[in-house]
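Thanks for coming. I will take a few minutes to walk through one structure, so please have it open.

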Amino acid sequence: MSVVISEILQRAADGGRISEEEALLLYTEAPFHALGEAADNVRRTRYPEGIVTYLIDRNINYTNVCVTACKFCAFYRAPKHAEGWSHDTEEILRRCGEAVDLGATQVMLQGGHHPDYGVDYYVNLFSSVKKAYPQLVIHSIGPSEILHMAKVSGVSIEDAVVAIKAAGLDSIAGAGAEMLPDRPRKAIAPLKESGARWLEVMEVAHGVGIESTATMMMGTGETNAERIEHMRMIRDVQDKTGGFRAFIPWTYQPENNHLKGRTQATSLEYLRLIAVARLFFHNVNHLQASWLTTGKDVGQLALHMGVDDLGSIMLEENVISSAGAKHRSNLHDLIQLIRTAGRIPAQRDTLYRHLAVHWTPEDDPTDDRVTSHFSSIVNRQLPLVSAKS
Ligand code: SF4
(Lines give C-alpha, C1' and ligand atoms only; values in the text may rest on other atoms or scores of the structure.)
Protein backbone atom coordinates (compact mmCIF):
# COMPACT_ATOMS: atom_id res chain seq x y z
CA MET A 1 0.00 0.00 0.00
CA SER A 2 1.37 3.42 -0.93
CA VAL A 3 2.27 5.95 1.74
CA VAL A 4 -0.30 8.36 0.32
CA ILE A 5 -3.16 5.85 0.56
CA SER A 6 -2.04 4.78 4.00
CA GLU A 7 -2.06 8.39 5.22
CA ILE A 8 -5.54 9.07 3.79
CA LEU A 9 -6.93 5.89 5.32
CA GLN A 10 -5.47 6.73 8.72
CA ARG A 11 -6.85 10.27 8.67
CA ALA A 12 -10.30 9.05 7.63
CA ALA A 13 -10.27 6.20 10.17
CA ASP A 14 -9.51 8.78 12.86
CA GLY A 15 -12.62 10.74 11.83
CA GLY A 16 -10.86 13.34 9.68
CA ARG A 17 -12.22 14.86 6.48
CA ILE A 18 -11.05 13.55 3.12
CA SER A 19 -11.42 15.29 -0.23
CA GLU A 20 -13.34 14.09 -3.29
CA GLU A 21 -10.04 13.27 -5.03
CA GLU A 22 -8.81 11.31 -2.02
CA ALA A 23 -12.08 9.38 -1.84
CA LEU A 24 -11.72 8.43 -5.51
CA LEU A 25 -8.18 7.26 -4.91
CA LEU A 26 -9.35 5.07 -2.02
CA TYR A 27 -12.25 3.73 -4.08
CA THR A 28 -10.10 2.71 -7.01
CA GLU A 29 -6.77 1.80 -5.41
CA ALA A 30 -6.88 1.12 -1.68
CA PRO A 31 -6.41 -2.55 -0.75
CA PHE A 32 -9.83 -4.08 0.00
CA HIS A 33 -9.10 -5.24 3.53
CA ALA A 34 -7.38 -2.03 4.59
CA LEU A 35 -10.31 -0.05 3.21
CA GLY A 36 -12.83 -2.16 5.12
CA GLU A 37 -10.82 -2.00 8.31
CA ALA A 38 -10.60 1.79 8.22
CA ALA A 39 -14.35 2.09 7.59
CA ASP A 40 -15.14 -0.40 10.33
CA ASN A 41 -12.93 1.60 12.66
CA VAL A 42 -15.11 4.65 12.04
CA ARG A 43 -18.22 2.56 12.69
CA ARG A 44 -16.74 1.21 15.93
CA THR A 45 -15.82 4.67 17.17
CA ARG A 46 -19.32 5.95 16.46
CA TYR A 47 -21.17 2.91 17.80
CA PRO A 48 -18.86 1.15 20.27
CA GLU A 49 -21.63 -1.01 21.72
CA GLY A 50 -21.70 -3.02 18.47
CA ILE A 51 -25.39 -2.55 17.75
CA VAL A 52 -26.78 -2.90 14.23
CA THR A 53 -30.25 -1.49 13.80
CA TYR A 54 -33.24 -2.33 11.65
CA LEU A 55 -36.69 -0.86 11.20
CA ILE A 56 -40.14 -2.30 10.61
CA ASP A 57 -42.08 -0.31 8.05
CA ARG A 58 -44.47 -0.69 5.18
CA ASN A 59 -43.84 0.74 1.76
CA ILE A 60 -47.19 1.73 0.23
CA ASN A 61 -47.32 2.80 -3.39
CA TYR A 62 -50.36 5.02 -3.99
CA THR A 63 -50.13 5.11 -7.79
CA ASN A 64 -47.93 3.74 -10.56
CA VAL A 65 -49.09 6.44 -12.99
CA CYS A 66 -46.17 8.69 -13.85
CA VAL A 67 -45.32 11.32 -16.45
CA THR A 68 -41.56 11.23 -15.88
CA ALA A 69 -40.72 7.95 -17.64
CA CYS A 70 -37.29 7.22 -16.14
CA LYS A 71 -35.54 4.68 -18.34
CA PHE A 72 -34.46 2.47 -15.43
CA CYS A 73 -37.96 2.28 -13.89
CA ALA A 74 -39.97 -0.92 -14.28
CA PHE A 75 -42.73 0.28 -11.97
CA TYR A 76 -44.43 3.19 -13.70
CA ARG A 77 -47.14 3.27 -16.36
CA ALA A 78 -47.87 6.32 -18.51
CA PRO A 79 -51.19 8.14 -17.96
CA LYS A 80 -54.11 6.28 -19.61
CA HIS A 81 -52.08 3.05 -19.84
CA ALA A 82 -54.31 0.00 -19.26
CA GLU A 83 -52.07 -1.20 -16.41
CA GLY A 84 -52.07 2.11 -14.56
CA TRP A 85 -53.63 2.12 -11.09
CA SER A 86 -54.15 4.40 -8.10
CA HIS A 87 -55.25 3.43 -4.60
CA ASP A 88 -57.85 5.55 -2.84
CA THR A 89 -57.36 6.83 0.70
CA GLU A 90 -59.50 4.07 2.16
CA GLU A 91 -57.23 1.38 0.70
CA ILE A 92 -54.10 3.18 1.85
CA LEU A 93 -55.50 3.45 5.39
CA ARG A 94 -56.36 -0.25 5.34
CA ARG A 95 -52.74 -1.07 4.50
CA CYS A 96 -51.50 1.31 7.21
CA GLY A 97 -53.71 -0.54 9.70
CA GLU A 98 -52.23 -3.89 8.67
CA ALA A 99 -48.74 -2.45 9.08
CA VAL A 100 -49.51 -1.24 12.60
CA ASP A 101 -50.87 -4.70 13.49
CA LEU A 102 -47.57 -6.24 12.30
CA GLY A 103 -45.45 -3.93 14.44
CA ALA A 104 -44.52 -1.26 11.90
CA THR A 105 -43.45 2.09 13.29
CA GLN A 106 -43.10 3.86 9.96
CA VAL A 107 -44.88 4.08 6.65
CA MET A 108 -43.19 5.00 3.39
CA LEU A 109 -45.72 6.37 0.90
CA GLN A 110 -44.26 6.58 -2.55
CA GLY A 111 -45.64 6.75 -6.06
CA GLY A 112 -45.39 8.06 -9.57
CA HIS A 113 -45.77 11.65 -10.71
CA HIS A 114 -49.49 11.49 -11.39
CA PRO A 115 -50.54 14.42 -13.60
CA ASP A 116 -53.44 15.31 -11.27
CA TYR A 117 -51.66 15.04 -7.91
CA GLY A 118 -50.84 18.48 -6.57
CA VAL A 119 -50.21 19.67 -3.01
CA ASP A 120 -53.84 19.14 -2.00
CA TYR A 121 -53.65 15.42 -2.80
CA TYR A 122 -50.65 14.95 -0.52
CA VAL A 123 -52.10 17.14 2.24
CA ASN A 124 -55.22 14.98 2.24
CA LEU A 125 -53.19 11.76 2.12
CA PHE A 126 -50.84 12.62 4.98
CA SER A 127 -53.50 14.18 7.20
CA SER A 128 -55.74 11.12 6.72
CA VAL A 129 -52.94 8.74 7.72
CA LYS A 130 -51.92 10.87 10.70
CA LYS A 131 -55.49 11.15 11.91
CA ALA A 132 -56.13 7.41 11.71
CA TYR A 133 -52.69 6.22 12.91
CA PRO A 134 -50.93 8.98 14.87
CA GLN A 135 -48.36 6.42 16.08
CA LEU A 136 -47.07 5.85 12.52
CA VAL A 137 -44.15 8.02 11.42
CA ILE A 138 -44.69 9.25 7.86
CA HIS A 139 -41.25 9.02 6.26
CA SER A 140 -42.33 9.38 2.68
CA ILE A 141 -42.02 10.75 -0.85
CA GLY A 142 -38.86 12.46 -2.12
CA PRO A 143 -37.73 15.71 -3.74
CA SER A 144 -39.05 14.59 -7.16
CA GLU A 145 -42.59 14.23 -5.86
CA ILE A 146 -42.31 17.58 -4.07
CA LEU A 147 -41.21 19.35 -7.26
CA HIS A 148 -44.00 17.63 -9.16
CA MET A 149 -46.74 18.60 -6.68
CA ALA A 150 -45.45 22.19 -6.50
CA LYS A 151 -45.56 22.40 -10.30
CA VAL A 152 -49.08 20.93 -10.53
CA SER A 153 -50.33 23.37 -7.87
CA GLY A 154 -48.33 26.38 -9.10
CA VAL A 155 -46.68 27.04 -5.72
CA SER A 156 -43.07 27.37 -4.53
CA ILE A 157 -41.06 24.44 -3.18
CA GLU A 158 -41.14 25.98 0.28
CA ASP A 159 -44.92 26.47 0.24
CA ALA A 160 -45.39 22.84 -0.79
CA VAL A 161 -43.03 21.57 1.89
CA VAL A 162 -44.61 23.68 4.63
CA ALA A 163 -48.10 22.46 3.64
CA ILE A 164 -47.25 18.75 3.66
CA LYS A 165 -45.30 19.12 6.91
CA ALA A 166 -48.33 20.69 8.54
CA ALA A 167 -50.44 17.81 7.19
CA GLY A 168 -48.26 15.23 8.93
CA LEU A 169 -45.16 14.44 6.87
CA ASP A 170 -42.41 13.70 9.40
CA SER A 171 -39.38 13.22 7.17
CA ILE A 172 -38.45 12.79 3.52
CA ALA A 173 -37.09 9.62 1.98
CA GLY A 174 -33.88 9.95 -0.01
CA ALA A 175 -35.61 8.53 -3.06
CA GLY A 176 -35.05 9.76 -6.57
CA ALA A 177 -31.40 10.71 -6.06
CA GLU A 178 -30.36 8.00 -8.54
CA MET A 179 -27.09 9.53 -9.81
CA LEU A 180 -26.92 13.27 -9.09
CA PRO A 181 -24.18 14.39 -11.57
CA ASP A 182 -25.64 15.67 -14.85
CA ARG A 183 -24.20 13.21 -17.37
CA PRO A 184 -25.34 9.88 -15.85
CA ARG A 185 -28.62 11.41 -14.61
CA LYS A 186 -29.61 12.65 -18.07
CA ALA A 187 -28.73 9.23 -19.52
CA ILE A 188 -31.13 7.33 -17.25
CA ALA A 189 -33.79 9.90 -16.33
CA PRO A 190 -33.85 12.69 -18.92
CA LEU A 191 -37.21 14.10 -17.74
CA LYS A 192 -36.37 14.09 -14.06
CA GLU A 193 -35.16 17.21 -12.24
CA SER A 194 -31.39 17.85 -12.17
CA GLY A 195 -29.28 16.64 -9.29
CA ALA A 196 -28.80 20.25 -8.19
CA ARG A 197 -32.57 20.73 -8.07
CA TRP A 198 -33.01 17.48 -6.06
CA LEU A 199 -30.54 18.83 -3.52
CA GLU A 200 -32.20 22.24 -3.50
CA VAL A 201 -35.48 20.64 -2.38
CA MET A 202 -33.66 18.80 0.39
CA GLU A 203 -32.03 22.03 1.50
CA VAL A 204 -35.39 23.81 1.64
CA ALA A 205 -36.93 20.90 3.58
CA HIS A 206 -34.06 20.77 6.05
CA GLY A 207 -34.45 24.53 6.47
CA VAL A 208 -38.06 24.19 7.62
CA GLY A 209 -37.29 21.32 9.98
CA ILE A 210 -37.91 18.23 7.87
CA GLU A 211 -34.93 15.90 7.90
CA SER A 212 -34.27 13.20 5.33
CA THR A 213 -32.03 10.42 4.14
CA ALA A 214 -30.00 10.35 0.92
CA THR A 215 -29.69 7.45 -1.50
CA MET A 216 -27.59 6.53 -4.50
CA MET A 217 -28.39 4.05 -7.25
CA MET A 218 -25.22 2.57 -8.70
CA GLY A 219 -24.67 0.34 -11.70
CA THR A 220 -26.29 2.14 -14.66
CA GLY A 221 -23.10 3.04 -16.50
CA GLU A 222 -21.77 5.85 -14.32
CA THR A 223 -18.01 6.21 -13.81
CA ASN A 224 -16.19 5.75 -10.53
CA ALA A 225 -15.55 9.50 -10.44
CA GLU A 226 -19.29 10.19 -10.88
CA ARG A 227 -20.11 7.90 -7.94
CA ILE A 228 -17.78 9.90 -5.73
CA GLU A 229 -19.06 13.20 -7.16
CA HIS A 230 -22.60 12.12 -6.19
CA MET A 231 -21.44 11.71 -2.58
CA ARG A 232 -19.58 15.04 -2.64
CA MET A 233 -22.74 16.86 -3.82
CA ILE A 234 -24.66 15.42 -0.85
CA ARG A 235 -21.86 16.20 1.59
CA ASP A 236 -21.76 19.84 0.43
CA VAL A 237 -25.44 20.25 1.38
CA GLN A 238 -24.90 18.37 4.63
CA ASP A 239 -22.17 20.87 5.52
CA LYS A 240 -24.82 23.58 5.32
CA THR A 241 -27.90 21.90 6.81
CA GLY A 242 -26.97 18.77 8.78
CA GLY A 243 -30.35 17.39 7.73
CA PHE A 244 -29.33 14.05 6.21
CA ARG A 245 -29.66 11.28 8.78
CA ALA A 246 -28.25 8.48 6.67
CA PHE A 247 -26.67 7.58 3.36
CA ILE A 248 -28.12 4.54 1.58
CA PRO A 249 -26.42 3.30 -1.59
CA TRP A 250 -28.14 0.53 -3.55
CA THR A 251 -27.59 -1.32 -6.77
CA TYR A 252 -29.64 -0.84 -9.92
CA GLN A 253 -31.92 -3.79 -10.77
CA PRO A 254 -31.88 -4.40 -14.52
CA GLU A 255 -35.12 -6.24 -15.36
CA ASN A 256 -38.30 -5.00 -17.07
CA ASN A 257 -37.22 -1.51 -18.06
CA HIS A 258 -35.92 0.51 -21.02
CA LEU A 259 -32.30 0.83 -19.99
CA LYS A 260 -30.63 -1.52 -22.40
CA GLY A 261 -27.06 -2.69 -22.09
CA ARG A 262 -26.37 -1.55 -18.53
CA THR A 263 -25.07 -3.83 -15.85
CA GLN A 264 -25.54 -4.04 -12.14
CA ALA A 265 -22.66 -2.99 -9.97
CA THR A 266 -20.70 -5.98 -8.70
CA SER A 267 -20.72 -6.94 -5.03
CA LEU A 268 -17.12 -5.84 -4.76
CA GLU A 269 -17.84 -2.41 -6.23
CA TYR A 270 -20.78 -2.07 -3.84
CA LEU A 271 -18.77 -3.04 -0.77
CA ARG A 272 -15.89 -0.72 -1.69
CA LEU A 273 -18.39 2.11 -2.17
CA ILE A 274 -19.93 1.37 1.22
CA ALA A 275 -16.52 1.61 2.90
CA VAL A 276 -15.57 4.81 1.10
CA ALA A 277 -18.95 6.32 2.00
CA ARG A 278 -18.30 5.65 5.71
CA LEU A 279 -14.92 7.36 5.42
CA PHE A 280 -16.16 10.25 3.26
CA PHE A 281 -19.34 11.14 5.18
CA HIS A 282 -17.74 12.23 8.43
CA ASN A 283 -20.79 14.52 8.81
CA VAL A 284 -23.56 11.91 8.26
CA ASN A 285 -24.41 9.72 11.23
CA HIS A 286 -25.70 6.51 9.70
CA LEU A 287 -24.78 4.23 6.81
CA GLN A 288 -27.34 1.69 5.62
CA ALA A 289 -26.78 -1.45 3.58
CA SER A 290 -29.44 -2.33 1.05
CA TRP A 291 -29.97 -6.09 1.51
CA LEU A 292 -33.08 -5.77 -0.67
CA THR A 293 -30.99 -5.16 -3.79
CA THR A 294 -27.68 -6.81 -2.92
CA GLY A 295 -28.90 -9.84 -0.99
CA LYS A 296 -28.49 -10.78 2.64
CA ASP A 297 -24.96 -12.17 2.31
CA VAL A 298 -23.57 -8.95 0.87
CA GLY A 299 -25.63 -7.02 3.41
CA GLN A 300 -23.92 -9.00 6.15
CA LEU A 301 -20.47 -8.36 4.70
CA ALA A 302 -21.28 -4.65 4.61
CA LEU A 303 -21.57 -4.77 8.40
CA HIS A 304 -17.78 -5.21 8.38
CA MET A 305 -17.25 -2.30 5.98
CA GLY A 306 -18.70 0.49 8.13
CA VAL A 307 -22.46 -0.16 8.07
CA ASP A 308 -24.49 0.29 11.27
CA ASP A 309 -28.02 -0.16 9.92
CA LEU A 310 -29.78 -2.70 7.72
CA GLY A 311 -32.84 -0.60 7.00
CA SER A 312 -36.27 -2.01 6.88
CA ILE A 313 -38.14 -5.25 7.10
CA MET A 314 -40.32 -4.09 4.23
CA LEU A 315 -43.84 -5.34 4.55
CA GLU A 316 -44.58 -4.33 0.97
CA GLU A 317 -42.28 -3.17 -1.76
CA ASN A 318 -43.17 -2.91 -5.43
CA VAL A 319 -40.76 -0.49 -7.09
CA ILE A 320 -37.43 -2.27 -6.73
CA SER A 321 -38.96 -5.75 -6.91
CA SER A 322 -40.58 -4.77 -10.25
CA ALA A 323 -37.05 -4.39 -11.60
CA GLY A 324 -35.86 -7.77 -10.42
CA ALA A 325 -34.80 -7.58 -6.76
CA LYS A 326 -35.68 -11.02 -5.46
CA HIS A 327 -34.29 -10.80 -1.97
CA ARG A 328 -36.70 -11.23 0.90
CA SER A 329 -36.18 -11.33 4.60
CA ASN A 330 -38.18 -11.67 7.74
CA LEU A 331 -37.49 -10.45 11.21
CA HIS A 332 -36.06 -13.73 12.44
CA ASP A 333 -33.67 -14.00 9.47
CA LEU A 334 -32.53 -10.42 9.82
CA ILE A 335 -31.83 -10.79 13.53
CA GLN A 336 -29.85 -13.96 12.85
CA LEU A 337 -27.94 -12.25 10.07
CA ILE A 338 -26.87 -9.49 12.46
CA ARG A 339 -26.06 -11.91 15.29
CA THR A 340 -23.93 -14.17 13.10
CA ALA A 341 -21.98 -11.14 11.94
CA GLY A 342 -20.98 -10.70 15.58
CA ARG A 343 -23.20 -7.69 16.22
CA ILE A 344 -26.14 -6.97 18.48
CA PRO A 345 -29.49 -6.53 16.68
CA ALA A 346 -31.82 -3.73 17.72
CA GLN A 347 -35.09 -2.50 16.34
CA ARG A 348 -35.00 1.27 15.84
CA ASP A 349 -37.49 3.98 15.04
CA THR A 350 -37.16 6.55 12.26
CA LEU A 351 -34.96 8.73 14.48
CA TYR A 352 -32.61 5.76 15.12
CA ARG A 353 -33.68 5.44 18.75
CA HIS A 354 -33.47 1.86 19.97
CA LEU A 355 -36.86 0.30 20.66
CA ALA A 356 -35.76 -3.26 21.42
CA VAL A 357 -32.29 -4.74 21.74
CA HIS A 358 -32.15 -8.48 21.06
CA TRP A 359 -29.52 -9.47 23.56
CA THR A 360 -29.48 -11.55 26.72
CA PRO A 361 -26.74 -12.17 29.26
CA GLU A 362 -27.08 -15.84 28.30
CA ASP A 363 -25.82 -14.99 24.82
CA ASP A 364 -22.49 -13.97 26.25
CA PRO A 365 -22.18 -13.57 30.04
CA THR A 366 -18.98 -11.57 29.68
CA ASP A 367 -20.51 -9.05 27.32
CA ASP A 368 -21.72 -6.04 29.29
CA ARG A 369 -21.84 -3.63 26.37
CA VAL A 370 -25.57 -3.43 26.33
CA THR A 371 -27.09 -3.96 29.74
CA SER A 372 -25.93 -0.74 31.29
CA HIS A 373 -27.38 1.36 28.48
CA PHE A 374 -30.42 -0.54 27.39
CA SER A 375 -31.63 -2.59 30.34
CA SER A 376 -35.16 -1.26 30.06
CA ILE A 377 -35.67 -2.34 26.48
CA VAL A 378 -33.60 -5.48 25.98
CA ASN A 379 -35.42 -8.49 24.72
CA ARG A 380 -38.77 -6.91 24.25
CA GLN A 381 -40.75 -9.52 22.42
CA LEU A 382 -41.51 -8.66 18.83
CA PRO A 383 -43.83 -10.42 16.42
CA LEU A 384 -42.11 -12.43 13.71
CA VAL A 385 -43.42 -11.08 10.43
CA SER A 386 -42.77 -12.12 6.87
CA ALA A 387 -42.02 -9.69 4.10
CA LYS A 388 -44.46 -10.05 1.23
CA SER A 389 -44.82 -8.26 -2.05
S1 SF4 B 1 -38.57 6.32 -10.89
FE2 SF4 B 1 -40.30 7.47 -10.05
S3 SF4 B 1 -40.34 9.36 -11.32
FE4 SF4 B 1 -39.12 7.83 -12.47
S5 SF4 B 1 -40.62 6.81 -13.82
FE6 SF4 B 1 -40.45 5.56 -11.94
S7 SF4 B 1 -42.15 6.30 -10.66
FE8 SF4 B 1 -41.79 7.86 -12.23
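This is a predicted model: local features need pLDDT of at least 70, side-chain atom pairs count only at pLDDT 80 or more; totals for chains, interfaces and linings use all residues.

Residues are numbered from 1 along each chain as its sequence is written, and side-chain values use heavy atoms, with hydrogens and water left out.

First, the ligand. Which residues surround the ligand? They are Cys 66, Thr 68, Ala 69, Cys 70, Phe 72, Cys 73, Tyr 76, Gly 112, His 113 and Lys 192; to be near, a residue needs a heavy atom within 4 Å. By class, this shell has six nonpolar, three polar and one charged residues. Here Ala, Val, Leu, Ile, Met, Phe, Trp, Tyr, Cys and Pro are nonpolar, Asp, Glu, Lys and Arg are charged, and the others, Gly among them, are polar.

Next, His 113, from that shell. His 113 sits in the loop between strand 2 (106-110) and helix 5 (119-132). Helices (H or I, at least four residues) and strands (E, at least two) are DSSP runs, numbered from the N terminus. Its relative accessible area is 7%, so His 113 is buried; buried means under 20%, exposed over 50%, and partly exposed in between, with a 1.4 Å probe and protein chains only. Beyond its neighbours within four places in sequence, His 113 has contacts (heavy atoms within 4.5 Å) that include Val 65, Ser 144, Glu 145 and His 148.

Now the largest pocket. Thr 68, Leu 147, His 148, Lys 151 and Leu 191 lie nearest its centre, out of 13 lining residues. Which helix gives the largest share of the lining? Helix 6 (residues 143-153) does, with six residues. By class, the lining has five nonpolar, four polar and four charged residues.

Lys 80 is in the loop between strand 1 (51-61) and helix 4 (89-101), while Glu 178 is in the loop between strand 4 (171-172) and helix 8 (182-188). Are they buried or exposed? Lys 80 is exposed, at 86% relative accessible area, whereas Glu 178 counts as buried, at 6%.

That is the end of my part.

Conventions. On a 1 Å grid over the protein atoms alone, a cavity is a set of points where a 1.4 Å probe fits but cannot get out, and a pocket is an open set with protein on both sides within 12 Å along at least five of seven lines; lining residues have an atom within 4 Å of a point.
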